[in-house]
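Take a look at the model below. We will go from the overall fold to a helix pair, and then to the core.

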Amino acid sequence: MTTSSSVSLLGGRAWRAMLALGLAVLLSACGFHLRGTNGSFMLPFATMHISLPDSSPLAIDLKRYIRAVGSTEIVDTKDAADAEFEVINDPEKNRTKTILTLGSSGQVSQYQLGYSIVFRVTDKAGNQLLGPTTISLVRPINFNSAQLLAQETEEAGLYRDMRNDMVQQIMRRLAAIKPVLPAMSVAPLAPVTPVTPAVPAEQK
């Protein structure tokens, strides 16, 4: 009885392993890139430039994440980059705060915070690897006029949470990019000398 149970358990594990492998192959065939072994998204280019000011909170977080992955180097100019992360609408300039609900007295009881970005990715040749892409995030926040300082702290924390979420979503989209052509990173070993065909001698 014990031997039979062990064989059944082993068979169940083997079946689950085969199912997981099949699922991974299916996702890969659909263009879905699995995360790296450290839970990070691996990017398909060696170097990248991010067109955001160095002081931008999103740029700081995005660069830190990419450097932590370790497979892509952040460079200072787009001419030296295999990929250009071009920001069309800066999320720090697109923050919104709109009224979500009103209380019984007509005063605001809840706001909705918004944080969005529009970006695209191009390669060295100007090919568009990823067309204009929009990521929009919202978070509700309760409002209490008697606790303004606490409200400001909570609001800053929610924007920080949205920024972290946005970095994850950006990385997911970058990891799914398939470059048009692989860049040639090394020069030929030696120049190729053209061979001149021999001219046949005239027959006498």
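What follows is a short walk through this predicted model.

Start with the chain as a whole. It has three helices and six strands. From the N terminus on, these elements run α-β-α-β-β-β-β-β-α. Buried residues make up 31% of the 204 residues. Among contacts with a separation of 6 or more, 68% join residues 24 or more positions apart.

Now turn to two of the helices. Two packed helices are described by the angle between their axes and the distance between the axes. Helix H2 covers residues 57-69, and helix H3 covers residues 148-175. Their axes are 10 Å apart and meet at an angle of about 50 degrees. That angle is why H2 counts as oblique to H3. The crossing is right-handed.

Which residues of H2 and H3 meet? H2 brings Pro 57, Leu 58, Asp 61, Leu 62, Tyr 65, Ile 66 and Val 69. H3 brings Arg 163, Asn 164, Met 166, Val 167, Gln 168, Ile 170 and Met 171. By class, this contact has ten nonpolar, two polar and two charged residues.

Next comes the largest nonpolar core, with 38 residues. Met 48, Phe 85, Ile 117, Val 121, Ile 170, Met 171 and Leu 174 touch the most other members. Strands S1, S3, S5 and S6 each give two or more residues to this core, as do H2 and H3. H3 gives the largest share, nine residues.

Finally, pick out Phe 85. Leaving aside residues up to four places away in sequence, Phe 85 touches residues including Met 48, Ile 50, Leu 62, Ile 117, Val 121, Ile 170 and Leu 174. His 49, Ser 51 and Arg 120 are also among its contacts.

Technical notes:
Residues are numbered from 1 along each chain as its sequence is written. This is a predicted model: local features need pLDDT of at least 70, side-chain atom pairs count only at pLDDT 80 or more; totals for chains, interfaces and linings use all residues. Side-chain values use heavy atoms; hydrogens and water are left out. Axes are lines fitted to C-alpha atoms, for helices over the stretch in contact, and angles run from 0 to 180 degrees between N-to-C directions. Helices (H or I, at least four residues) and strands (E, at least two) are DSSP runs, numbered from the N terminus. Angles under 35 degrees count as roughly parallel, over 145 as roughly antiparallel, 65 to 115 as roughly perpendicular and the rest as oblique. A crossing is left-handed if the near helix is turned anticlockwise from the far one by less than a right angle, and right-handed if clockwise. Contact means heavy atoms within 4.5 Å. Ala, Val, Leu, Ile, Met, Phe, Trp, Tyr, Cys and Pro count as nonpolar, Asp, Glu, Lys and Arg as charged, and the others, Gly among them, as polar. A nonpolar core is a set of buried Ala, Val, Leu, Ile, Met, Phe, Trp, Tyr and Cys residues joined through side-chain atoms within 4.5 Å. Buried means under 20% relative accessible area, exposed over 50%, partly exposed in between (1.4 Å probe, protein chains only).
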